[in-house]
Amino acid sequence: MEQPVTNLMTRLAYLGLLPFIISLICLWTDTRLFDIPPQQLFIAYSAVILSFLAGILWGNAIDHIRHQLSRNALILSILFSLIAWGVLLRAPEHFALSVLLLLFGFVAVWFAEMKIRQIEKEGQPADYQPMRNRLTGIVALIHLIALAS
């Protein structure tokens, strides 16, 4: 039963890149989608996904509540959600700063989650960390490309 769930997790995770790619194309072509400026599309989706990942960090902290890092992970998860919210309030007027803050958030969430999993010797599902590594790298690259747009 674990394999089908892992396959679904992987498919959904990679499908989650599509709105990033679509909004990046809109940035390049200066195309509005649903009459929304491309900068706002990009920032809004990025902020939502950062908040989603912060929620996963919260869940990891709860799962490892006995470890001293749990407290820090709980605080970080709220901090990342607040960063995403703050970016939404200031974007798209401050697009470059918003993208940089979101990029920092993605890398920091990835690092915090990886450290918790390493310290707790959490290796299951086995495909999860390599997938997160690839996805975070791709998302970081997309943010850098968006900065250059």
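H94 is partly exposed, because its relative accessible area of 36% falls between the limits used here, where buried means under 20% relative accessible area and exposed means over 50%, with a 1.4 Å probe and protein chains only. H94 sits in the loop between α4 and α5, and its C-alpha atom is separated by 20 Å from that of V139, a residue 45 places away along the chain. The structure is a predicted model, in which local features need pLDDT of at least 70 and side-chain atom pairs count only at pLDDT 80 or more, while totals for chains, interfaces and linings use all residues. Residues are numbered from 1 along each chain as its sequence is written, and side-chain values use heavy atoms, with hydrogens and water left out.

The protein contains 6 helices and 0 strands, where helices (H or I, at least four residues) and strands (E, at least two) are DSSP runs numbered from the N terminus. Along the sequence, the pattern is therefore written α-α-α-α-α-α under that numbering. For a protein of 149 residues, a compact globule would have a radius of gyration near 15 Å, and the 16 Å found here agrees with that; the radius is taken over C-alpha atoms, and the globule rule is 2.2 Å times the number of residues to the power 0.38. The C-alpha atoms fill a box of roughly 45 × 30 × 25 Å along the principal axes. Of contacts between residues at least 6 apart in sequence, 69% join residues at least 24 apart, a contact being heavy atoms within 4.5 Å.

From the overall fold we turn to the interior. Buried residues make up 38% of the 149 residues. In soluble globular proteins, nonpolar side chains tend to be buried together. Here the largest nonpolar core has 35 residues, and those with the most contacts inside it are F20, F42, I43, F80 and F106; such a core is a set of buried Ala, Val, Leu, Ile, Met, Phe, Trp, Tyr and Cys residues joined through side-chain atoms within 4.5 Å. The elements that give two or more residues to this core are α2 (18-29), α3 (38-63), α4 (69-90), α5 (95-119) and α6 (128-148), and α3 gives the most, with 10 residues. F106 illustrates how such a residue is surrounded: leaving out residues up to four places away in sequence, F106 touches F20, S46, I49, L50, L53, T136, V139 and H143.

S98, found in helix α5, counts as buried because its relative accessibility is 2%, and S98 touches I43, V87 and A91 when residues up to four places away in sequence are not counted. Among these partners is I43, which is also one of the residues with the most contacts inside the largest nonpolar core. S70, in helix α4, likewise counts as buried, at 5% relative accessibility. With residues up to four places away in sequence left out, S70 touches A61, H64 and I65, and the C-alpha atoms of S70 and L57, 13 residues apart in sequence, are 9.5 Å apart in space. Q129, in helix α6, has 17% relative accessibility and so counts as buried. Leaving aside neighbours within four places in sequence, Q129 is in contact with W110, M114 and R117; R117 is 12 residues from Q129 in sequence, and the two are 8.7 Å apart in space, C-alpha to C-alpha.

The loop between α2 and α3 holds both F34 and D35. F34 is exposed, with a relative accessible area of 73%, and has a positive phi of about 55 degrees although it is not a glycine. D35 is exposed too, with a relative accessible area of 61%, and its phi is near 60 degrees, a positive value in a residue other than glycine.

The last topic is the surface and its charges. The accessible surface comes to about 8700 Å², of which 69% belongs to carbon and sulfur atoms, with areas taken from the Shrake-Rupley method with a 1.4 Å probe and, for residues, only the protein chains shown counting as cover. The mean positions of the 10 positive and 9 negative charges are 6 Å apart. In this count Lys and Arg are positive and Asp and Glu negative, while His and the chain ends are not counted, and the place of a charge is NZ of Lys, CZ of Arg, CG of Asp or CD of Glu.
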